[in-house]
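Keep the structure open beside you and try each task before reading on.

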Amino acid sequence: MNDLSRRKFGQIAAGAAALASTSLPRFALGRAGGDADHDSGRKFPDGFLWGCATAAYQIEGGAKDDGRGPSVWDVFSHTPGKTHNGDTGDVADDSYHLYKTDVQLLKNLGVQTYRMSISWSRVFPEGKGKPNPAGIDYYNRVVDELLANNITPYITLFHWDLPAALEGGWRSRETSLAFGDYAAYISQHLSDRVKHFMTTNEFVCFTDLGYQIGQFAPGLKLPLKDVCQIRHYGILAHGLGVQALRANAKGPIEVGLAENAQVFVPVMETGEHISATQKATRLMNAPFLTAVMEGKYIDEYLAQMGPNAPKVEPGDFAAISSPLDFVGVNIYTPDYVSASDSKYGFTVEKRPASYPHMYSPWIEIAPECLYWGIRNVCDLWHPKKMFITENGCSSSDVLKPDGSVVDIDRVMYLRNHVMNLHRAAAEGYPIKGYFLWSLLDNYEWADGYSKRFGIHYVDFKTLKRYPKLSAEWYREVIKRNEVV
Ligand code: PNW
């Protein structure tokens, strides 16, 4: 099916998709006595926020609709050999047209919040200069639909889809400045209704993975010196974004970021290994979260980079270390650390070949990472609030003829992570909410459509959505505010 007919089909399927989401749950039937005999002992604090997360390029489609300009991901995904099967985000979940269906999926789950991102090149087709009114109109419609359904939007400004027109991409300091202008515009147009913003998503993925490893857009393999400078422009953009969001807000807003900090789990929970994980957290996140939280590059990082260390202009770190209302971390998988006599006092342990993983091989299963990720960030930098801005996994889901997907492995993964989230909340760490990645199967970047992360199954031919067992499980967690 070509793109156009796929999209048309999607529009027709929209009604049916909404129906699928309201079909009777198979597992959570609330059988007589179902609740009375069970108390998990793992209730979350009142007011804990449950949500789902998505990103613009991964779900929207509508790549050429209503004046959207191309992003580096459009260019990259259309370059032969760069993505699985040559998959692109041209149509994805077609949320550009089906957003009302997706808001109904959220409503049926009972989430209080939804984390979504804005396609920068939909709003500024050239990345800067003249805005495209149809672009911001789309986000106005999505925001209004969420609010009408009592769902609080948490908006990420940049989830990797850099406007292709910005010359030099993240190699240019101009891009950080353009991001500030874009953030100002979004704040002017949305902050009357949207009160929670994240600047950037996962620095390492749009810097190192895009410009050093070449696995993500724009697919370059530059020397370390360039990469260090690109990382700096990434965190500078974040800082300028925080300032611009606040300066242009129509009322009080909360600003944070969504960072996939490297997370470390102690090989055993004894003092020496625990303190090793804290050292590892600070050092291994030096170019990104450590720099944002401490307002400088730590000496160890500068020494490691030597002549490749980034050029920092006066005032950069004042912006980069702008105070945040919350720190969001995306956590999927950690590394194990032990205390040692090595130079930095810790060793990152290599995992044995038999170590278990989810369908995506990089998601090695270690649910304690949710607890240790929160604890180490809090103990090191004392953020006012924290959120898990992403957590979830891929599974080799199979849609059965009756429309069900019994993804017990995803439920296993999620339940164990949420238990560790509970541990952090119970110990008093200021963890305020959890965004499950993802609301629905979507375009998984270089893996294309081959890896499904959703708690709703998407038939990418019809674009119809089907709740998986994990969606039922999540609805119960939210309803009871406890681990089930
Ligand atoms: C995150 N890795 O990305 C992103 O924020 C999402 O857009 C993405 O869909 C989700 O995780 C699942 O992958 C990552 O290879 C992608 O280490 C790859 C890696 C890490 C994070």
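A cavity is a set of grid points where a 1.4 Å probe fits but cannot get out. Bear in mind that this model is predicted.

**Exercise 1.** Find how much space lies in the largest cavity, and work out what lines it.

*Solution.* Start with the volume: the largest cavity holds about 110 Å³ of space. Then see which elements give two or more residues: helix 2, helix 4, strand 2 and helix 6. Helix 4 provides the largest share, with 5 residues. Finally, sort the lining by class to get 11 nonpolar, 3 polar and 2 charged residues.

**Exercise 2.** Sort the lining of the second largest cavity by class.

*Solution.* This cavity has a volume of about 60 Å³. Its lining includes Trp 73, Phe 158, Trp 160 and Cys 205. Helix 3 and helix 8 each supply at least two of the lining residues. Sorting gives 12 nonpolar residues, with no polar and no charged ones.

**Exercise 3.** Describe how strand 8 pairs with strand 6 and with strand 9.

*Solution.* Take strand 6 to begin with: strand 6 and strand 8 run in the parallel sense over 3 bridges, and Pro 266 sits opposite Val 337. Now turn to strand 9, which pairs with strand 8 in the antiparallel sense over 4 bridges; here Tyr 336 has Glu 349 as its bridge partner. Strands 8 and 9 make a hairpin with 6 residues between them, and Gly 345 in the turn has a positive phi of about 85 degrees.

Technical notes: Residues numbered from 1 in each chain as written. Predicted model: local features only at pLDDT ≥ 70, side-chain atom pairs only at ≥ 80, totals over all residues. Heavy atoms only, no water. Pairing = 2+ DSSP bridges. 1 Å grid on protein atoms, 1.4 Å probe; cavity = no way out; pocket = protein on both sides within 12 Å on 5 of 7 lines; lining within 4 Å. Points joined across faces, edges and corners; volume = space filled by probe spheres on them. Nonpolar A, V, L, I, M, F, W, Y, C, P; charged D, E, K, R; others polar.
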